[in-house]
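This report goes through a few local features of one protein model. Please keep the sequence and the structure at hand while reading.

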Amino acid sequence: MSYYVLDEYDVIVIGAGHAGCEAGLAAARMGMKTLMLSINLESIAMMACNPSVGGTGKGHLVCEIDALGGEMGINIDKAFIQSKMLNTAKGPAVHSLRAQADKEEYHREMKKTLESQDNLDIKQGEAVDLIIENNKVNGVVLKTGSAYRANAVILATGTFLRGRIFIGEKSYASGPNGLSASVELADSLKRHGLLMRRFKTGTPARALGKTLNYGKMIEQCGDEEIVPFSFMNDDLQKDQVSCWLTYTNENTHNVIRDNFSRSALFGGQIEGIGPRYCPSIEDKVNRFSDKERHQLFIEPEGLTTDEVYIQGMSTSMPEDAQVAFYRTIAGLENVKIVRPAYAIEYDCIDPLELKMTLEHKKIEGLYCAGQFNGSSGYEEAAAQGLIAGMNAVLKLNGKEPFLLNRAEAYIGVLIDDLVTKGTNEPYRIMTSRAEYRLILRQDNADIRLTEKSYRAGLATEERYRKFEKNREAVERELVRLKKSYVLPSKINGFLERNNSTLLQNKTTLAELIKRPELNYELLGEIDPDRPKLSKHGITQLEVKIKYEGYIVKQLQQVEKFKKLENRKLLGDFDYNQVDGLRIEARQKLNQTKPISIGQASRISGVSPADINVLLIYFEKQRRKK
Ligand SMILES: Cc1cc2nc3c(=O)[nH]c(=O)nc-3n(C[C@H](O)[C@H](O)[C@H](O)COP(=O)(O)OP(=O)(O)OC[C@H]3O[C@@H](n4cnc5c(N)ncnc54)[C@H](O)[C@@H]3O)c2cc1C
């Protein structure tokens, strides 16, 4: 393919979705001359599916992205229209923030941020090929015949690669939301030997709000007290919109059953593998046939549109069936569909081909992020984009890679699961995937990550100083509360008023905060001269005190984990030379090239016995040396 080189960059990002935006901003903010390409600049940070950011596990990712100096948390704090902390009845490990977004505003704010970022150029253009010489990437060729040279390229193409839309019996080549698919690049990646998979996902219809009867639904309001996603924001006040809850019924299920054969999913047209945790409605009706009803939420798409998103009702049924079953639902009897539901199939890479830095194992300087890596979700994409962007820069600067392990961050769990275990369906994060979730909470993401990112060159001085100030204030207050004794005579009246057991002997304020019926705020009545803490600081303080015992226990488990994680392995070691290793283990170890014994132990097909063989082998090598 002939091309002419227009310019040279340090880093080129193909894609301006949730992954591409974080990758491009990270690279530019760390001083690299960066180019970000998108087939259509209107798809910058496009929310192709649900109009929300966060939720169980995903909220943790957003807080971590923010703590590292990424943009998603700041952007949703600008564009949210409702905010809710989920799972508050459970422990702090699973408290998850979820914010409804004004999709247009989210796009506009992110585009403004990209346009005003130094070192970053954004360009509308379709990449059709990579320039690869001697297994090293050196640039990108565009559909126009122009090309750009760079020492690192980040692939963040989402659901566009060889995108194919399915609505009933009909299917056609397209990206999401009527945007064009990216076919030539898909062909070129295969030509360059990348191992590709075919995945699929689906989205529900969008309806016109004024055609719904909200009187037949249950209003879902946001929280009165809004917790910002970004640690850079202390307080957020905004009028919030409501979402609405309604349910399918037997009529809905009957219409769907009558049309099973016309669903692209059941009709067998779709070859791509879909997300188990985001099933289509026909999949739910089929799999859970005993369920009388399935809940669905009506979510506004924004403040300047009357379009609403029908959450929980994605489908690849033909349009007539869609209208028929949507109109059986309470409140949707007269619904007008403005965008039909559809399923989309797309190419993505097998993430086992990637290192923990998200660099490709066989093509130097080529990084991959987002849905392209087999994950699903804005938050998962953004997290990978950030890590890929940071590592592309650190490698170009000859510096140590930026790695997060499973005990440091949900981002560490996400990337380790993808590149060590691989995935057979679009991977979404969940709190149950994190074995150390009590210490991987939303509230302490800054303590876990900000300093590490500041030292690596991404988190700003302002963010680091703000974090430090809060950390010191919380530590000081913790010490004060543990040293501040109160006498029964002084506070038993207060305890009685708060239905808390009266004191017999003096105790500390910290001990009182441990009581489930008491908290730091309440104790303000008997402890007026306390220092001022931010709301975020108060949350951190309370969790540290109330869950101290559990946290200590978990930290002991982490110490064990670190022992194996710190047993480093050579990236190019040939496992065929280790006698006693089973053939399957040799193959899997040589394919994955784990960076530690810990990672090796998580590869499927590598047994604990194989790990013992490895430990003995390396111990013998060490002694010989
Ligand atoms: C139909 C549908 C349903 C979904 N359902 C869910 C769901 O239920 N749950 C969930 O969590 N997530 C869902 N998602 C996924 C969610 O939208 C994605 O996870 C998220 O957008 C991925 O972000 P990304 O940055 O990887 O890719 P995207 O946001 O898709 O961005 C890709 C970017 O790459 C650009 N691009 C692609 N090819 C080229 C090229 N050759 N040259 C230049 N630019 C290129 C595009 O223009 C775009 O800017 C769904 C998405 C779709 C489309």
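Which helices do the buried residues of α11 pack against? They pack against α2 (58-68), α9 (378-396), α10 (410-421), α12 (461-483) and α16 (535-546). The model is a predicted one.

## Helix α11

Helix α11 covers residues 445-456, 12 residues in total. From its first C-alpha to its last it reaches 16 Å, close to the 16 Å expected at 1.5 Å a residue. The buried residues in α11 are A445, D446, R448, L449, T450, S453, Y454 and A456. These buried residues make the packing with α2, α9, α10, α12 and α16.

Just after α11 comes G457, which takes a positive phi of about 105°.

## The second largest pocket

The volume of the second largest pocket is about 1300 Å³. Its lining is made up of 45 residues, and D443, K535, H536, I538 and T539 are the ones that lie nearest its centre. Elements that give two or more residues to this lining are α11, α12 and α16.

Sorted by class, the lining of the second largest pocket holds 17 nonpolar, 11 polar and 17 charged residues.

## Cysteines

How many disulfides does the count come to? The count comes to 0 disulfides. C221 is in no disulfide, and the nearest cysteine sulfur, that of C243, is 9.2 Å away. C243 is likewise in no disulfide; for C243 the nearest cysteine sulfur is that of C221, 9.2 Å away. A disulfide needs the two sulfur atoms within 2.5 Å.

Is C243 buried or exposed? C243 counts as buried because its relative accessibility is 4%, under the 20% cut-off. C221 has a relative accessibility of 39%, so C221 counts as partly exposed.

## Residue G202

G202 has its place in strand β14, which runs over residues 196-203. With a relative accessible area of 21%, G202 is partly exposed; the cut-off for buried is under 20%.

Which residues is G202 in contact with, leaving aside its neighbours within four places in sequence? The contacts of G202 are C49, S314, Y342 and A343. Of these, A343 is 141 residues apart from G202 in sequence, yet the two are 4.0 Å apart in space, C-alpha to C-alpha.

Methods:
Residues are numbered from 1 along each chain as its sequence is written. This is a predicted model: local features need pLDDT of at least 70, side-chain atom pairs count only at pLDDT 80 or more; totals for chains, interfaces and linings use all residues. Side-chain values use heavy atoms; hydrogens and water are left out. Helices (H or I, at least four residues) and strands (E, at least two) are DSSP runs, numbered from the N terminus. The expected span of a helix is 1.5 Å times one less than its number of residues. Buried means under 20% relative accessible area, exposed over 50%, partly exposed in between (1.4 Å probe, protein chains only). Contact means heavy atoms within 4.5 Å. On a 1 Å grid over the protein atoms alone, a cavity is a set of points where a 1.4 Å probe fits but cannot get out, and a pocket is an open set with protein on both sides within 12 Å along at least five of seven lines; lining residues have an atom within 4 Å of a point. Grid points are joined across faces, edges and corners, and a volume is the space filled by probe spheres set on the points. Ala, Val, Leu, Ile, Met, Phe, Trp, Tyr, Cys and Pro count as nonpolar, Asp, Glu, Lys and Arg as charged, and the others, Gly among them, as polar.
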